[in-house]
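Let's take a walk through this protein together. Keep the viewer open and follow along.

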Amino acid sequence: MNQDAERPKYLRIADELRAKIRSGELAVGDRLPSIPEIAKEHGIARNTAAAVLDVLTGEGLATARPGSGTYVRKQPEKRRLVRSWNRNARGGSPFAGEMADQGLAGSWDYNSRTTLAPEEVRERLALDEAAGDDPDVVRTDYLFRGDGRPVMVSTTWEPLELTRGTPIVLPEDGPHAGKGVVERMRQIGVQVTHAAEVVSARNATVEEAKLLDIGAPAIVLTIERTYYADARPVETADLVIPVDQYQVLYGTSTWDEPAAH
């Protein structure tokens, strides 16, 4: 049995267009067939034809211009983000150090606030059941950039029972601002011993696509990271990285912190 014939037709049509893009037959800036054109040529419904273009835009091979059409997109040079314990020895921000290694200037926007941890975060930080509506974590939302271009977004949570009243209660304010979790925790006598990461992939949300300047529904890599001091979770984060622009490299070496907050 021909397994290819078992695949949905819209995926087979997307395969054909993808091959033309990869070969250069369809060059950067070329307009792809429109939804009506695909529907007529292949004898399919318009919603099925739209799914063909959704596949290619989701893979980052094409970009849709409202009122104009869908065009072959220039592929950015892929860079690497290192997830390793070998980044903290230099001090300062691990992300800024990682960008500097690639000849880029690392920067980030952030917004910190106290809030009541949602249930999933409570589990990850091993927090007791909420007794009321009082805030029990500091949440920080980040947009990281390299030379001004978006690299990744992340959201971090740190338990107030650990940091309240200390100089590190706000990750990006105070004397230890922007130095990364391992170094900041060290300032209050907490020795981070290890981290656990869960890696997955999914379509970007509309908000993530806008922040990262990628097409929706583009594919993004997600990393659910939690730092521990022995058995105690001291910080947890969700990182979102565009897969068409960055590869994530894992390695083990001497003790240190991965290249992100």
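Predicted model: local features only at pLDDT ≥ 70, side-chain atom pairs only at ≥ 80, totals over all residues.

Residues are numbered from 1 along each chain as its sequence is written, and side-chain values use heavy atoms, with hydrogens and water left out. The pLDDT is the predictor's confidence in each residue, on a scale from 0 to 100. The protein chain averages 89, and 91% of the residues score at least 70. Over residues 254–260, though, the pLDDT is below 50; beyond near neighbours in sequence, that stretch has 49 contacts in the model. Contact here means heavy atoms within 4.5 Å.

Now zoom out. The protein chain has nine helices and ten strands, and its C-alpha trace spans about 65 × 45 × 40 Å along the principal axes. Of its 261 residues, 43% are buried, where buried means under 20% relative accessible area, exposed means over 50%, and partly exposed lies in between (1.4 Å probe, protein chains only). Take the contacts between residues at least 6 apart in sequence: 62% of them join residues at least 24 apart.

Back to β5. How many of the ten residues of β5 are buried? Seven are, so β5 is largely enclosed by the rest of the structure.

Step back into the loop between α6 (119–124) and β5 and you'll find D136. This residue is buried, with a relative accessible area of 16%. Its side chain makes a polar contact with the side chain of R122, at 2.6 Å. (A polar contact is a pair of N or O atoms within 3.5 Å; within protein, one must be able to donate a hydrogen and the other to accept it, and residues adjacent in sequence count only if both atoms are side-chain atoms.) Leaving aside neighbours within four places in sequence, D136 also touches other residues, including T115, E158 and L160. R122 sits in helix α6 and is buried too, at a relative accessible area of 7%.

Next, α5 (residues 94–101), where P94, F95, G97, E98 and M99 are buried. S93 caps the N-terminal end of α5, with a side-chain oxygen 3.3 Å from the backbone nitrogen of F95. Just after the helix, G103 takes a positive phi of about 75 degrees.

Finally, the cores. A nonpolar core is a set of buried Ala, Val, Leu, Ile, Met, Phe, Trp, Tyr and Cys residues joined through side-chain atoms within 4.5 Å. Which residues touch the most other members of the largest one? Among its 17 residues, those are L32 and I38. Helices α2 (9–23), α3 (35–42) and α4 (46–58) each supply at least two residues, and α4 gives the most, with five. Apart from this core lies another, of 14 residues, among them L81, M99, A237 and Y246.

The buried residues of α4, including L53 and L56, pack against α2, α3, β1 (62–65), β2 (69–72) and β8 (219–229). Both L53 and L56 are among the contacts of L32. After α4 comes G60, whose phi is positive, near 80 degrees.

Methods:
Helix = DSSP H or I, 4+ residues; strand = E, 2+ residues; numbered from the N terminus.
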